[in-house]
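This briefing presents selected features of a protein structure, grouped by topic. Please keep the sequence and the model at hand while reading.

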Amino acid sequence: MRGLCSTLFLLLVALMIVTTEAGKHKKEKGKRAKGKSDCTEWSYGDCMPNKGDCGPGLREGTCDDQTRKQKCKVPCNWKKQFGVDCKYKFDSWGECDATTHTKIRTGILLKVFHQAECQKTITVSKPCSTKSKSKGNKGKRRGN
C-alpha cells in the first residue's frame with residue numbers, strides 16, 4: 001500500500017511539473033502570436049487608402065526586421081494636402097477678399113504623428129459664400 005501511495009504521489013508531482021512547463025510555453029507562444037515585440041523604434045510610412053485617394057486604409061511600420069500594419073484614415077477634404085499626420089489649430093476665417101472672392105485662415109502646427117514632415121504654419125482658403133446670412137430672422141417665422 002505504501003508503495004502504491006508513493007508511486008501515485010510521484011506521478012502527481014510529475015504531472016504538475018509537465019503542466020506548468022506546458023503553460024509557460026503556451027504563454028510565450030501566445031505573446032509572439034499577438035505581435036508583441038521588444039522593438040521600441042517603430043518607423044511608419046504614409047497612410048495608404050484602401051480605395052481611391054482618401055478614406056480608411058493601412059500604414060506599414062518597420063522595426064529592425066519586423067513589419068506590422070496599422071489602420072488609418074486619409075481625410076477626403078482639403079486637409080489631405082497638408083498631410084494626414086499633421087494636426088493644426090486654425091484661426092477664424094478672415095473677411096472675404098472682394099477681388100478674389102475667397103477668404104483665408106492660418107493654422108499653427110499642434111501635433112505630428114509617425115515622424116511626418118509638417119509645415120509649422122499653413123494658410124488655407126475657400127470661396128466666399130454667395131448667400132447673405134441674415135442674423136436677425138433666425139428661428140422666426142414670416143407672417144407672425
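A residue is called buried under 20% relative accessible area, exposed over 50%, and partly exposed in between (1.4 Å probe, protein chains only). This is a predicted model, in which local features need pLDDT of at least 70, side-chain atom pairs count only at pLDDT 80 or more, and totals for chains, interfaces and linings use all residues. Residues are numbered from 1 along each chain as its sequence is written, and side-chain values use heavy atoms, with hydrogens and water left out.

**Aromatic residues**

- Phe90 is partly exposed, with a relative accessible area of 22%, whereas Tyr88 counts as buried at 13%.
- The ring centres of Tyr88 and Phe90 lie 6.3 Å apart and their planes meet at 50°, so the pair is tilted; rings of Phe, Tyr and Trp (its six-membered ring) pair if their centres lie within 6.5 Å, and planes under 30 degrees apart count as stacked, over 60 as edge-to-face and the rest as tilted.

**Nonpolar core**

- The largest nonpolar core has six residues: Phe82, Cys86, Tyr88, Leu109, Ile122 and Val124.
- Such a core is a set of buried Ala, Val, Leu, Ile, Met, Phe, Trp, Tyr and Cys residues joined through side-chain atoms within 4.5 Å.
- Beyond its neighbours within four places in sequence, Ile122 is in contact with residues including Phe82, Tyr88 and Phe90 (contact means heavy atoms within 4.5 Å).

**Paired strands**

- Strands S3 (residues 55–63) and S4 (residues 66–74) pair in the antiparallel sense over nine bridges; strands (E, at least two residues) are DSSP runs, numbered from the N terminus, and two of them pair if DSSP finds at least two bridges between them.
- Pro56 stands opposite Lys73 in S4.

Terms used:
Helix = DSSP H or I, 4+ residues; strand = E, 2+ residues; numbered from the N terminus.
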